[in-house]
4 protein chains.
Amino acid sequence: MASKSFYALIAGVGPGTGRAAAVRFAQKYPVVLLARRPESYEEAVADIKKAGGQAIGITADVADPTNLKNALASIDKELPGSRLAAAVYNVNSGFAKKPFLELKVEDIDASLNGSVRAFFHFAQATLPLLQKSVPDSEYPPTLIITGATASIKGSAQFGSFAAGKWALRALGQSLAREFHPQGIHVAHAIIDGVIDIPRTKDWQVNDGAEDGKIKPEAIAETYWYLHTQHRSAFTQEVDIRPYVEKF
Amino acid sequence: MASKSFYALIAGVGPGTGRAAAVRFAQKYPVVLLARRPESYEEAVADIKKAGGQAIGITADVADPTNLKNALASIDKELPGSRLAAAVYNVNSGFAKKPFLELKVEDIDASLNGSVRAFFHFAQATLPLLQKSVPDSEYPPTLIITGATASIKGSAQFGSFAAGKWALRALGQSLAREFHPQGIHVAHAIIDGVIDIPRTKDWQVNDGAEDGKIKPEAIAETYWYLHTQHRSAFTQEVDIRPYVEKF
Amino acid sequence: MASKSFYALIAGVGPGTGRAAAVRFAQKYPVVLLARRPESYEEAVADIKKAGGQAIGITADVADPTNLKNALASIDKELPGSRLAAAVYNVNSGFAKKPFLELKVEDIDASLNGSVRAFFHFAQATLPLLQKSVPDSEYPPTLIITGATASIKGSAQFGSFAAGKWALRALGQSLAREFHPQGIHVAHAIIDGVIDIPRTKDWQVNDGAEDGKIKPEAIAETYWYLHTQHRSAFTQEVDIRPYVEKF
Amino acid sequence: MASKSFYALIAGVGPGTGRAAAVRFAQKYPVVLLARRPESYEEAVADIKKAGGQAIGITADVADPTNLKNALASIDKELPGSRLAAAVYNVNSGFAKKPFLELKVEDIDASLNGSVRAFFHFAQATLPLLQKSVPDSEYPPTLIITGATASIKGSAQFGSFAAGKWALRALGQSLAREFHPQGIHVAHAIIDGVIDIPRTKDWQVNDGAEDGKIKPEAIAETYWYLHTQHRSAFTQEVDIRPYVEKF
């Protein structure tokens with residue numbers, strides 16, 4: 001595969017799922033990590049390199065199409081001739097739990113921008129790249145989308161967050177129906193639980209049970225598995241939750 | 001009820017569901033019809049008046065909060081002291097069936113604006129009015145949302161439309177969970193079929209079967225029924241489709 | 001309509017939904033009430049007659065096809081020439097909340113018998129009768145099925161109950177797809193809450209809120225409304241829950 | 001792990017998913033294959049042995065609890081001291097596509113027996129074995145259930161099949177909620193497409209597209225992956241369909 005090399009692209013890298021996905025996909029591919037601030041990806045890039053992998057961090061706001069375009073152009077310079085094997089959309093839209101009447105339109109917009117518009121730009125930029133990889137890639141070129149509990153449930157006071165997440169899930173489902181027949185795998189993951197990252201260290205979740213928060217590495221394993229699925233047996237959606245999680 | 005009068009508000013009046021809902025609710029309440037252009041509501045207003053009802057047409061773009069605020073202020077002048085018994089959100093966001101890579105961000109925005117942001121403003125403006133009606137209204141104050149097939153299915157090439165409709169459904173579900181306990185009924189209707197209006201007259205639907213398109217009056221009956229449900233037995237979601245529709 | 005009279009059939013009459021449905025449909029039709037024991041329908045029959053309606057109680061086990069056949073034959077004698085306008089399947093399969101490993105196969109069978117096999121016999125017996133009513137009935141002939149929270153959720157320790165209820169919902173959905181195009185309306189109602197009947201009088205539900213249990217009369221109103229829907233706008237499924245119910 | 005060995009159990013072995021699952025799990029564990037007729041498992045057993053694995057075929061009708069008990073007892077003799085790491089329920093209930101009014105109660109019973117009662121016995125027999133494995137097994141002990149398109153959709157004329165499959169899915173969901181917290185992983189797979197086996201060789205599926213039928217080996221890979229998931233990140237349900245499948 002020397003002359004036909006491939007890379008993976010992770011958008012939305014922080015200390016959790018994005019970082020773990022980058023580390024996992026780096027076992028096979030050079031990985032490109034996008035984040036709005038360098039401190040979000042620097043450690044991951046260093047770790048991957050230390051482990052013998054290839055990683056490139058790019059500071060970019062995926063929600064900004066020009067920014068995104070520039071980022072993708074710079075990949076081409078760093079990894080000339082390399083094609084996209086897998087793209088992971090893991091951008092966090094933040095969320096405001098608030099009584100509906102206290103929400104500002106800015107809350108809705110933040111959710112829609114991060115979950116819908118940014119994904120729209122990301123998908124429009126990456127799907128043509130994935131299309132080019134179909135004939136030669138070892139595994140079907142893959143677009144993976146990180147969802148949440150709020151992707152399938154509109155809880156009280158979570159309306160703005162749920163609006164963005166449901167819309168994102170709808171887009172993913174629509175893309176699966178359009179791009180699966182082209183050989184591109186589009187999968188959506190419902191992350192139904194609290195992720196075990198530094199920020200959630202002191203959160204009492206599931207009565208403090210061991211492994212009661214989701215290990216980002218475990219999410220990353222599932223993402224990697226989805227990427228390797230045979231095209232005769234694509235999974236469009238998975239749920240992921242701790243064994244002790246109520247659902 | 002003389003001194004404690006109530007009215008109904010229909011946003012998004014055209015020749016179909018909005019108009020029929022106005023006519024149906026006018027059998028009980030004065031109705032206010034909102035549309036972006038007067039020609040959208042004029043006939044309905046005239047018909048309601050001719051039938052002995054009370055109807056007020058207001059030209060307003062629900063997606064514009066100032067516009068909406070002015071519209072609601074003008075209701076107060078026309079119907080002084082009257083309170084809101086039911087609000088119907090029937091705003092059409094339009095939809096672009098297009099291969100995903102041909103979509104413009106404007107297509108996404110049009111869907112999000114009509115289905116999410118406009119509804120957000122409408123709900124923020126009307127829910128406080130509905131709250132004030134709880135103690136005295138004959139039926140639980142009601143907010144009804146018009147959905148579509150695309151509210152529950154992300155079909156190929158319908159991504160932008162589905163994104164808005166799923167988000168709207170999520171918001172409705174979240175509002176139901178927050179406002180039902182306050183005695184306000186929030187219901188979402190999945191209109192799963194082609195509506196029988198002048199614009200669809202020549203569409204060949206369901207092999208041209210009689211009643212193969214949904215009568216707007218039948219939708220309006222269901223909306224009215226939802227409004228009258230006892231608070232011990234609220235329906236949060238209904239599907240509505242022609243007997244011959246595949247689903 | 002003198003010479004073309006119609007009746008309604010309610011299977012599974014007790015003090016709650018079945019009885020209320022009988023009372024509601026009796027405002028329009030003679031009603032036939034099926035229950036395994038006379039004491040389940042006697043009071044309802046008397047009440048309906050006192051109110052000027054026509055009601056016939058028949059002791060029958062719907063799960064027993066011979067029993068059911070005899071019951072239907074006896075209707076023909078009591079109401080000669082009358083045709084079936086609406087059938088309500090409200091048979092209670094009972095439920096055992098138990099750790100799965102403590103369940104007996106009898107628990108599963110009880111659930112499957114009441115929710116699936118009995119309904120199978122009921123639907124096979126009534127659908128041909130409803131077919132005969134299509135050309136002349138005022139409203140589309142209707143088959144309404146009572147479901148529960150467990151129709152859409154397999155909660156821990158509710159496996160046997162949920163198995164029967166999910167299967168019943170599946171059958172209802174399949175019948176809707178097959179019989180809607182014939183003009184027969186098949187609807188499924190998810191009753192998501194505790195019903196306000198003598199047996200639940202002392203249950204503390206929804207913090208004891210007023211109207212925190214579902215009024216059977218309110219369910220019956222929804223059933224009646226479903227029956228009257230125009231064939232261009234059938235609802236296949238409704239949820240029904242108290243305003244204060246968590247969902 | 002010498003003294004604490006584990007095995008996998010596959011119920012419902014034919015030429016498709018069951019056989020492929022046995023082959024896949026045999027890469028790690030001795031596997032036990034259950035089928036009603038020896039010819040269903042003989043070739044698989046031979047192939048696994050040829051490849052250096054350990055396989056035991058047992059003729060048993062899972063729907064018969066005595067039969068099943070005897071089968072499990074004989075495992076204990078063949079693999080003394082070995083514990084159950086994973087159980088796959090892949091029993092085929094057969095299905096009758098028929099107009100509802102042509103169904104016999106035997107059709108319903110066949111579906112309920114294969115999908116619900118047989119699974120009930122299988123789960124009651126295997127869950128206690130899986131419980132014993134929790135403290136020492138490398139991966140969380142796993143119960144995997146094979147579902148179908150009919151697990152989530154009640155299509156016209158597929159009522160009896162769907163009834164059994166929905167009930168099975170309900171049971172799986174209920175078991176997940178009860179046994180996940182005990183460290184046992186219960187997963188349900190929606191196999192949404194035609195499986196590529198000798199019997200379907202001549203079926204024209206998805207316009208005859210290459211890989212338009214699901215490779216059993218690909219399903220088996222997903223089952224294996226599910227088994228290996230970390231307990232902080234269990235997947236309860238996956239869908240599996242060919243890239244060209246409409247859904």
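How many aromatic pairs does the structure hold over all chains? There are 26. Rings of Phe, Tyr and Trp (its six-membered ring) pair if their centres lie within 6.5 Å; planes under 30 degrees apart are stacked, over 60 edge-to-face, and the rest tilted.

This is a predicted model: local features need pLDDT of at least 70, side-chain atom pairs count only at pLDDT 80 or more, and totals for chains, interfaces and linings use all residues. Residues are numbered from 1 along each chain as its sequence is written, chains are lettered from A and ligands numbered from 1 in the order in which they are written, and side-chain values use heavy atoms, without hydrogens and water.

**Ring pairs**

Select B:Phe25 and B:Trp224. They pair edge-to-face, 5.0 Å centre to centre, with 80° between the planes. B:Phe25 is in helix H1 (residues 17-25) and B:Trp224 in helix H6 (residues 216-228) of chain B, so the pair ties together parts 199 residues apart in sequence. Helices (H or I, at least four residues) and strands (E, at least two) are DSSP runs, numbered from the N terminus. Both B:Phe25 and B:Trp224 are buried. Buried means under 20% relative accessible area, exposed over 50%, partly exposed in between (1.4 Å probe, protein chains only).

Next, select D:Tyr139 and D:Trp224. This pair is edge-to-face too: 5.9 Å between centres, 85° between planes. D:Tyr139 sits in the loop between helix H4 (105-133) and strand S5 (142-148) of chain D, while D:Trp224 is in helix H6 (residues 216-228), 85 residues apart. D:Trp224 is buried, at 10% relative accessible area.

In chain A, select A:Phe25, A:Tyr29, A:Tyr139 and A:Trp224. These form one aromatic cluster.

**Charge over ring**

Now show C:Arg177 with B:Phe247. The charged end of C:Arg177 sits over the ring of B:Phe247, 4.3 Å from its centre. The criterion is NZ of Lys or CZ of Arg within 6 Å of the ring centre and within 35 degrees of the ring normal.

**Chains A and B**

Colour chains A and B. The contact (heavy atoms within 4.5 Å) takes 40 residues from chain A and 41 residues from chain B. Which three residues supply 22% of the area that chain A buries against chain B? Select A:Phe100, A:Leu101 and A:Trp166.

Finish on A:Asp109 and B:Arg117. Their side chains meet in a salt bridge, 2.7 Å from N to O. The cut-off is a side-chain nitrogen of Lys or Arg within 4 Å of a carboxyl oxygen of Asp or Glu. Between chain A and chain B the count is two salt bridges.

Technical notes:
Buried area = accessible area lost by both parts, 1.4 Å probe.
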